Amino acid sequence: MILEEIRLTDFRCFYGDAFLRFSEDPDKNVTIIYAENGVGKTTLLNALLWCFYGETTARFEKREEIINYDARKAGRSVASVEVLFEHNEKRYIAKRFANLKNNTGREFLVNRIDGGSQISLDSPDTFINTVIPRDMASHFLFDGEHAEVFLGENNRGSIKSAVRDILGCSLIETAIEDLQAVSNQFRKQIPSTKATRQIGELNSRHDALTTQIDTAKSAINQLETKRDQTDQQIKDIDEKLRNTAAAKELQQSRDRLTGQLSRAQRRQKDYADEVYKWLGENGRFIVSKRITEETFTFLEEKEHRGRIPSPYNEEFVKDILDAQECICGAKLEPGSAESKKVASLLEKAANQVMRDRVSKVRARLTTLKTERAKAPGRLTKAKAQLAEANDEFATAEAQLAEISEKLKGINFEDIAERERRRGELRNELSEIDQKIGSFRTNISRAEREKNQIDSDITELAKQNKQTAIYGRRRNLCESIKGKLELQLVSEEDQARKILRAGIRRILEATTRKVLNLRMTEDYLISLVNADGTALPKSSGENQLLGLAFTAALVEFAKVRQNAKDYRLLPGTIAPLVLDSPFGQLDEAYRATTAEFIPKMARQVVLLVSKSQGSEDVLDALKDHLGAEYVLVRHNTESRGERKQESRYFKGKEFNTAVFDAEFDGTEIMEIKGP
Amino acid sequence: MASETETELGKNDPIVREVIELERSYFFEKRNVKTERQRKLRDIIERHTKPGADAHDP
């Protein structure tokens, strides 16, 4: 489908007739519509949805009020939207009317434009659904402000259905459902015979199990809703706690100072220990200073007098006495005066033990002297470090006391109460999870029993001629169902791979960080940093992920346009209408994303506010812009104190808000020029 | 050469096609047609399980 033109008559904020031609140029494939908030961007997106399907997005306020308020006041009762488009090289016009007075006429028609005439199609709804199936439409008509809905855990259902829609598996899904229903009908129809009496009992058990499973599934649904609500409550509390700005800042400082205090405390202890350790190891060097000095003096004095080392060797004197002969040859008779004189030398003689002792004392005294010289350096250093740690501790303590004073002015009871409630909610969440787990276990047990009963019934039915036919019918249902189920699994698996690759490629081209994509079997997608931490859902990167997901789906639908498998609904080439796609992206991301947008689809319609359509964005898009419009708000009221709102496009000034106007509503103005 | 299982599954392909065609013919209809659709599906299954019919009986 290629959009050519949209015509609006008294539709919502568009008073009277308004129209807009979309760019069909494949090179300049972007139509951009500038509008400030509340002027009609989302209305334009919804005009397309309403025209094709008679529906609007869930967020569209007062959805039932289609006719413009002033038009109603002026007595008009019909609003309409007409969309001209091309599909498979033929031109069509789709028209939908809302008539306040008459609900009996045709509300929707599609005419094929054939030369100068129009031929009305018999089944316009069916036709539109073959062009863009309704279920797929919300992915092509993209509400960027809520791109993140695709990402939340609460929305895994919508992601799964989006993929299945694009996958075109709806036929298989309904076939599986119908085959199950028909198989059950056959089971219940098995006539009662002697041989099949048991089947009756098994049927009752089967029905009871089905009821049990249904009840458990419905309980799980309720619990999951409650889980989502509880989860949301926790997130709200987290947000409030995070946003208690004053407390937050002070608390951050307190956390930092508490850390500093405890580090200073550790250092205090370490350095005090070092001082004690030093004293334990080196105290004797200081204490022994005097005795060492005295001993050295004594030894030196004795050496000086020749007393040390001793002039006589005890062993040598004893040898002379034993030999009774002096080294000069003189005889030393025991008891003689000569012998007594020599023997008297033993009083001054030193033996080996004594010499060793003196040598050890000297060595020990030398060590004491050396260590004592080193000792003061280590002690001084340890003392300085201890003093430093003491100072740091005292400063941190004083600052903490100051913060504590400041925090007294904040309502901590409120914070504490929130924290307490948060704890309660987390407990509730865990209880809910346990209950869900237990229900799931019951379901899987009941399903196993049910399957066994199913197969028992079929076997029993086969044993009797009258009932065998039902067994065969059920077998056939189950066989086809199984085959389709297998295909569904394989198609989804394939789709998951293609989508994952598509999203990765888009993210690589647009994000500045190295991000990893996670996609679970349930299509729950999230982004994680290189270190594995998940990015917050509200981040710009995650909005980009929502957009990348849509782009990957559009691409996938395009690839599937020529799907040959008769079991699948074909894909489609559809225009991509993006309402505020840059919501939470920062300026740099907006520009990168803008570069990428023209490549997202054959035709792109971009609805942007002033802040979103910044210079960088427009610069990135400039080579692809095929048509430009601005939505101007008309007000019957006078300007009063309001400032004039205007924007410059292609050198011309456009007043985006007009006062003292004839009507309240929106005008579409084309921006022309070189 | 196809395995025995593949051959057996392949035997039901025309019936699968018929079932999908039935689903397709109802897919774009807005009205509540579930009962009618399932009745027609029953007809298909019954037709293919008549004695001498082409359906494979696993």
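Reply: The contact draws 23 residues from chain B and 24 residues from chain A; a contact here means C-beta atoms, placed from the backbone, within 7 Å. The model is predicted, so local features need pLDDT of at least 70 and side-chain atom pairs 80 or more, while totals for chains, interfaces and linings use all residues. Residues are numbered from 1 along each chain as its sequence is written, with chains lettered from A and ligands numbered from 1 in the order written.

Take the chain B side of that contact. Two elements give two or more residues to it: helix H2 (13–27) and helix H3 (34–48) of chain B. Helices are DSSP runs of H or I, at least four residues, numbered from the N terminus. H2(B) gives the most, with eight residues. By class, the chain B side has 11 nonpolar, four polar and eight charged residues. Charged means Asp, Glu, Lys and Arg; nonpolar means Ala, Val, Leu, Ile, Met, Phe, Trp, Tyr, Cys and Pro; the others, Gly among them, are polar.

Now the helix pair in chain A. H10(A) (residues 314–323) packs against H11(A) (residues 337–344) at about 165°, axes 9 Å apart. Axes are lines fitted to C-alpha atoms over the stretch in contact, and angles run from 0 to 180 degrees between N-to-C directions. That angle makes H10(A) roughly antiparallel to H11(A), a label for angles over 145 degrees. H10(A) contributes Val317(A), Ile320(A) and Leu321(A) to the contact; H11(A) contributes Ser339(A), Val342(A) and Ala343(A). By class, the residues of this helix contact are five nonpolar, one polar and no charged.

Terms used: Angles under 35 degrees count as roughly parallel, over 145 as roughly antiparallel, 65 to 115 as roughly perpendicular and the rest as oblique. Two residues are in contact if their C-beta atoms, placed from the backbone, lie within 7 Å.
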